[in-house]
Protein chains: 2
Amino acid sequence: MNELDLIKNYFAPLSTGETGAFGLTDDAAVLAVPEGMELVVTKDAISEGVHFIGNEPPALIARKLLRTNLSDLAAMGARPYGYFLALMLPEKTDEAWIKVFAEGLRSDQEIFGITLMGGDTTRTRGTLSLSLTALGLVPRGQALRRAGARIGDGIYVSGTIGDAALGLQVARCKLQVSKEADAHLLERYRVPSPRVELGQKLRGVATASIDVSDGLMQDLGHIAECSGIGAVVIWEDIPLSDAAKSALPLVARPHETIAAGGDDYELLFTAPRTMHEKLCSLAKDAGVNITRIGEIKPGDSVKLVDKTGREIYLERVGYNHFSSKR
Amino acid sequence: MNELDLIKNYFAPLSTGETGAFGLTDDAAVLAVPEGMELVVTKDAISEGVHFIGNEPPALIARKLLRTNLSDLAAMGARPYGYFLALMLPEKTDEAWIKVFAEGLRSDQEIFGITLMGGDTTRTRGTLSLSLTALGLVPRGQALRRAGARIGDGIYVSGTIGDAALGLQVARCKLQVSKEADAHLLERYRVPSPRVELGQKLRGVATASIDVSDGLMQDLGHIAECSGIGAVVIWEDIPLSDAAKSALPLVARPHETIAAGGDDYELLFTAPRTMHEKLCSLAKDAGVNITRIGEIKPGDSVKLVDKTGREIYLERVGYNHFSSKR
């Protein structure tokens with residue numbers, strides 16, 4: 001298995017939709033950014049033993065890496081355009097692994113209308129590591145930002161929160177609920193659903209936006225810090241899947257698991273009260289539920305409270321250790 | 001040492017020239033591509049034990065990674081714009097290492113007028129791995145390509161060839177010439193000089209272009225394959241530094257070392273005979289020597305010959321194993 005054959009057999013076919021990728025035969029790709037648009041660029045790196053166990057089906061590793069980057073684009077309100085991929089492969093990685101990895105990319109390229117545009121394939125003496133750079137387009141000046149939330153704005157999330165953190169416990173055999181619930185939670189952990197349609201619809205409506213990757217309360221903290229405001233989230237208003245509801249009584253630290261578990265890849269955003277009806281309608285068009293879970297407040301503290309207003313203290317607010325993305 | 005502090009202390013200051021990087025606090029960067037320009041994107045990955053030994057000064061690792069990517073941009077005729085960096089750091093990497101690594105980036109940012117725009121910092125359980133995505137700008141439709149060389153075109157290289165391959169032998173204590181020569185060769189191996197000015201001046205003049213990374217003859221083979229032509233290079237015309245000239249009698253396989261050694265990061269390009277004077281003038285303006293080393297021929301073979309026309313057979317044409325870039 002040599003590098004040029006790998007590229008020719010498995011990766012060049014993923015680039016055929018994009019003329020500027022030159023079938024991955026040139027030194028770089030050339031992209032035309034349409035007039036009036038800006039380019040949104042995000043880059044993530046993942047490594048075996050830190051971000052994935054290593055025995056996952058390779059198609060799932062591929063899809064999760066692609067989808068977490070698409071989630072970053074969604075948080076900025078961008079439409080996915082293309083991506084670049086670096087693979088650092090240990091000796092043990094065989095061609096069969098790469099074939100299935102590339103098939104995972106292909107299936108998600110079709111779902112999200114995105115194309116491979118270039119990258120690098122190399123050996124490593126360490127563990128399998130991957131880096132993906134995703135490019136998106138947004139009308140000039142309309143990118144959603146973490147800064148912009150205003151006092152009185154509602155705080156919203158898409159989908160349900162906490163499934164992935166519970167799914168990780170299922171994957172690690174630390175949690176068993178029911179066959180159906182376990183499958184749902186595991187799927188939510190392994191294959192996130194980046195809210196790319198909703199993200200684009202939020203342009204001009206949301207005042208601030210981020211995707212929930214480090215944990216709900218920590219990511220809300222990022223919005224608060226960048227916007228220079230505080231926030232309160234009501235525990236009972238956080239949307240949970242049926243599977244998460246049935247799992248919660250079995251979990252040692254339910255509040256931490258849900259509100260600080262991370263890996264949700266749902267959108268967390270703020271918008272003025274007057275936009276509530278419009279938001280619900282946009283979300284419906286995008287085919288995803290949104291839920292109002294709190295409100296932007298004066299000050300700089302980010303609090304989780306129960307419906308009586310009593311604060312719930314979390315032992316940790318998010319995925320704080322040296323691991324996640326910028 | 002936590003991730004957010006690392007970014008704040010060492011990487012955010014490298015992004016201050018670029019408003020769309022948002023001080024590395026957002027999910028992604030936003031770039032405005034000027035009207036009439038296209039974006040050129042290249043991505044490389046390097047890993048300890050494969051692309052570098054690991055005991056190099058971290059500033060040199062940083063600079064080489066940045067410069068090899070700038071060399072890809074130069075080969076396409078693009079002006080450097082910005083870059084994204086993913087660091088996958090093993091536990092042993094301490095803050096002092098990162099500080100010096102970031103200083104290396106800073107010094108090259110000043111030299112090449114380029115700014116950090118985003119990226120990812122993460123732990124790995126494997127070896128130190130890095131991935132860099134570099135962005136450049138080129139007037140629409142004017143990017144230089146590997147395809148385009150025509151029969152009768154002259155074949156040119158910038159600078160001198162073979163220094164880096166000899167420098168690697170010095171680094172591995174397999175070659176010792178003289179204090180002065182060793183220092184020159186080692187420096188050429190450790191800190192390549194991407195020909196970003198020359199590359200931009202070659203737009204509209206060169207018919208095909210690539211940077212020499214895998215080895216002179218192999219990279220010429222890429223031009224030949226993409227252009228559908230053959231090529232002949234004259235051994236005695238390949239430009240050598242004084243250090244390389246004095247090292248060559250000490251080397252087991254001089255032809256392979258020079259013409260297949262790789263890591264030169266010089267530009268290899270083709271142009272019609274009528275452009276020779278213009279090329280020399282452009283190169284002078286860019287402050288770099290260029291040398292005509294051969295000619296594009298009919299057919300599909302890429303040959304190295306001596307000045308009498310006798311073919312020199314290489315045991316290997318380049319850095320062919322599973323390692324280098326796409």
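In chain B, helices α2(B) and α3(B) cross in a right-handed way, where right-handed means that the near helix is turned clockwise from the far one by less than a right angle, and left-handed that it is turned anticlockwise. This is a predicted model, where local features need pLDDT of at least 70, side-chain atom pairs count only at pLDDT 80 or more, and totals for chains, interfaces and linings use all residues. Residues are numbered from 1 along each chain as its sequence is written, while chains are lettered from A and ligands numbered from 1 in the order in which they are written.

Back to that helix pair. The axes of α2(B) and α3(B) (residues 95-112) come within 7 Å and cross at roughly 40°; axes here are lines fitted to C-alpha atoms, for helices over the stretch in contact, with angles from 0 to 180 degrees between N-to-C directions. The two helices are therefore oblique to each other (under 35 degrees counts as roughly parallel, over 145 as roughly antiparallel, 65 to 115 as roughly perpendicular and the rest as oblique). On the α2(B) side the contact includes P58(B), L66(B) and L70(B), and among its α3(B) residues are W97(B), F101(B) and F112(B). Contact means C-beta atoms, placed from the backbone, within 7 Å. Sorted by class, the α2(B)–α3(B) contact has twelve nonpolar, one polar and four charged residues; Ala, Val, Leu, Ile, Met, Phe, Trp, Tyr, Cys and Pro count as nonpolar, Asp, Glu, Lys and Arg as charged, and the others, Gly among them, as polar.

Now for chain A, which has ten helices and eleven strands. These are DSSP runs numbered from the N terminus, H or I of at least four residues for helices and E of at least two for strands. Two of its helix pairs go in the table.

| Helix pair | Axes come within | Crossing angle |
|---|---|---|
| α1(A) and α3(A) | 10 Å | roughly 40° |
| α2(A) and α3(A) | 7 Å | roughly 40° |

α1(A) and α3(A) are therefore oblique to each other, and their crossing is right-handed. L6(A), Y10(A) and F11(A) of α1(A) meet I98(A), K99(A) and A102(A) of α3(A), giving five nonpolar, no polar and one charged residue.

α2(A) also passes α3(A) in a right-handed crossing. Among the residues making that contact are R63(A) and R67(A) of α2(A), with E103(A) and D108(A) of α3(A). Its classes come out as twelve nonpolar, one polar and four charged.

As for overall shape, a compact globule of 326 residues would have a radius of gyration near 20 Å, and chain A agrees at 20 Å (taken over C-alpha atoms; the globule rule is 2.2 Å times the number of residues to the power 0.38). The C-alpha atoms of chain A fill a box of roughly 65 × 50 × 30 Å along the principal axes.

Conventions:
Contact = placed C-beta atoms within 7 Å.
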